[in-house]
Amino acid sequence: MAEVELKNVIKKYDKKEIINNVSFVVKDKEFLVLVGSSGCGKSTILRMIAGLEDITEGEILIDGNCVNNVHPKDRDIAFVFQNYALYPHMSVYENIAFPLKMRKLNKKDIDAKVKEAAEILNLTDLLDRKPKQLSGGQRQRVALGRAIVRNPKVFLMDEPLSNLDAKLRVQMRSEIKKLHQKLQTTFIYVTHDQTEALTMGDRIAVIDSGVIQQIGTPDEVFNNPVNRFVAGFLGSPSMNFITSEIINNKITVNGVSFELNEEQKQKLSGKNQVITGIRPEDFNCSNSNFEFPVDVEISEMLGSSKLVYFKANNCSCSAFLDKDENSQGRIYLKFNTDKIMFFDVHSGIRY
């Protein structure tokens with residue numbers, strides 16, 4: 001088991017900076033998720049930890065030892081790839097056993113470790129099959145098994161569920177989380193899926209353009225985002241951002257003014273325009289003639305709720321409604337004012 005630390009890590013390709021001065025610590029036995037949109041640099045960070053990419057500046061430490069110049073095979077890590085990287089001509093047993101054979105373990109030890117991993121991952125009945133005879137979820141479990149038998153200090157996973165269908169992704173999320181709890185090993189997991197990040201990680205690091213925007217527990221990052229990017233990235237659908245005017249301690253949304261509370265007045269003192277952030281789930285439909293009328297453009301039935309789309313201050317917005325609420329034409333919305341967030345119009349920093 002091991003702690004992983006990045007100190008002021010920079011990565012450049014042809015003078016273009018891809019990773020910008022990244023520093024963070026992954027605690028021993030922690031499950032950290034690196035999340036961000038495609039091309040933000042999260043996989044590059046993972047590959048640098050693994051030694052598959054050289055760093056331009058900074059230090060990477062595993063278990064307190066600098067590994068900048070240590071060969072990948074000597075870093076005592078296991079890497080689970082997006083495409084599984086299984087050997088098609090080998091059986092499940094042989095795929096899982098392969099890293100142990102490379103280490104020249106005796107057959108008895110190899111057999112014991114393979115069978116133990118197979119039992120953990122429910123692969124015992126599939127050991128004689130070839131990869132082409134397996135489903136996507138089964139292939140992913142084989143890739144995990146091949147990593148488990150190495151008993152590494154650190155597991156690195158690069159979008160391992162992205163090739164699976166939606167139902168199987170949900171199932172595999174819980175299986176990987178259970179695996180982490182059982183193995184008690186340090187996990188670093190890369191994904192572009194914010195749902196995976198929020199449901200799996202002990203902590204999550206939100207990355208944009210090679211910079212860590214915020215790192216914290218899922219609850220901290222979701223409920224207290226430091227800027228508009230983080231607030232907009234986490235949540236499905238994403239937070240509504242409405243450009244709003246402030247006049248005489250009142251904020252105007254869709255032609256209707258609301259009194260700011262004392263804390264909000266202090267935060268927004270001297271401001272005359274802000275970006276108001278309201279999550280779709282913080283809206284509630286009112287049957288009375290409430291002061292916030294909107295014209296529904298599209299309504300989607302989601303089973304136990306509805307999702308409606310509308311404009312507010314000419315900004316595209318969405319809101320969850322109860323399945324029995326009216327969702328056609330003109331409706332009247334109110335929202336939980338305690339959960340409103342305010343962001344700077346130019347920098348996006350949250351007030």
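What follows is a conversation about the pockets, sheets and helices of a predicted model.

Visitor: What makes strand 1 and strand 2 a pair?

Guide: Two strands pair if there are at least two bridges between them. Seven bridges join strand 1 (residues 4–13) to strand 2 (residues 16–26), so the two count as a pair. They run antiparallel, and K12 stands opposite E17 in strand 2.

Visitor: What lies between strand 1 and strand 2?

Guide: The two strands form a hairpin with two residues between them. In the turn, D14 has a positive phi of about 50°.

Visitor: Which strands make up the sheet around this hairpin?

Guide: The sheet is open and has four strands in the order 2-1-4-5, with antiparallel pairing. Strand 1 pairs with strand 4 (residues 57–62) over five bridges, and there the partner of K7 is E59. Strand 4 in turn pairs with strand 5 over two bridges, with I62 opposite N65.

Visitor: Why are strand 2 and strand 5 called edge strands?

Guide: Strand 2 and strand 5 (65–66) each pair on one side only.

Visitor: How do you know that helix 1 packs on this sheet?

Guide: Contact means heavy atoms within 4.5 Å. Helix 1 touches strand 1, strand 2 and strand 4, and its direction makes about 115° with that of strand 1.

Visitor: What joins strand 10 to its partner?

Guide: Strand 10 pairs with strand 9 (residues 203–208) in the antiparallel sense, over five bridges. One of the facing pairs is I207 with I212 in strand 10.

Visitor: Which elements line the largest pocket?

Guide: Strand 6 (77–80), helix 2 (92–102) and helix 4 (136–148) each supply at least two residues of the lining. Strand 6 has the largest share, with four residues. The lining has 21 residues in total, and those nearest the centre are I77, F79, F81, P99 and R150. The space in this pocket is about 640 Å³.

Visitor: What makes a lining residue count as nonpolar, polar or charged?

Guide: The residue type decides: Phe, Ile and Pro are among the nonpolar types, and Arg is among the charged ones. By this division, the lining of the largest pocket has 16 nonpolar, one polar and four charged residues.

Visitor: How is the lining of the second largest pocket divided by class?

Guide: Five of its residues are nonpolar, five polar and eight charged. The volume of this second largest pocket is about 310 Å³. Its lining has 18 residues, and D338, K339, I340, M341 and R350 are the closest to the centre. Helix 7 (218–223), helix 9 (262–267) and strand 21 (341–343) each give two or more residues to that lining. Helix 9 gives the most, with three.

Visitor: What makes strand 14 a partner of strand 21?

Guide: Three bridges join strand 14 to strand 21, and at least two are needed for a pair. The strands run antiparallel, and the bridge partner of G277 in strand 21 is M341. Strand 14 also pairs with strand 11 (residues 240–247), in the antiparallel sense and over six bridges; here Q273 is the partner of E245.

Visitor: How do you know that strand 14 is mostly covered?

Guide: Buried means under 20% relative accessible area. Five of the six residues of strand 14 (residues 273–278) are buried.

Terms used. Residues numbered from 1 in each chain as written. Predicted model: local features only at pLDDT ≥ 70, side-chain atom pairs only at ≥ 80, totals over all residues. Heavy atoms only, no water. 1 Å grid on protein atoms, 1.4 Å probe; cavity = no way out; pocket = protein on both sides within 12 Å on 5 of 7 lines; lining within 4 Å. Points joined across faces, edges and corners; volume = space filled by probe spheres on them. Buried < 20%, exposed > 50% of the residue type's maximum accessible area, 1.4 Å probe, protein only. Axes fitted to C-alpha atoms, helices over the stretch in contact; angles between N-to-C directions.
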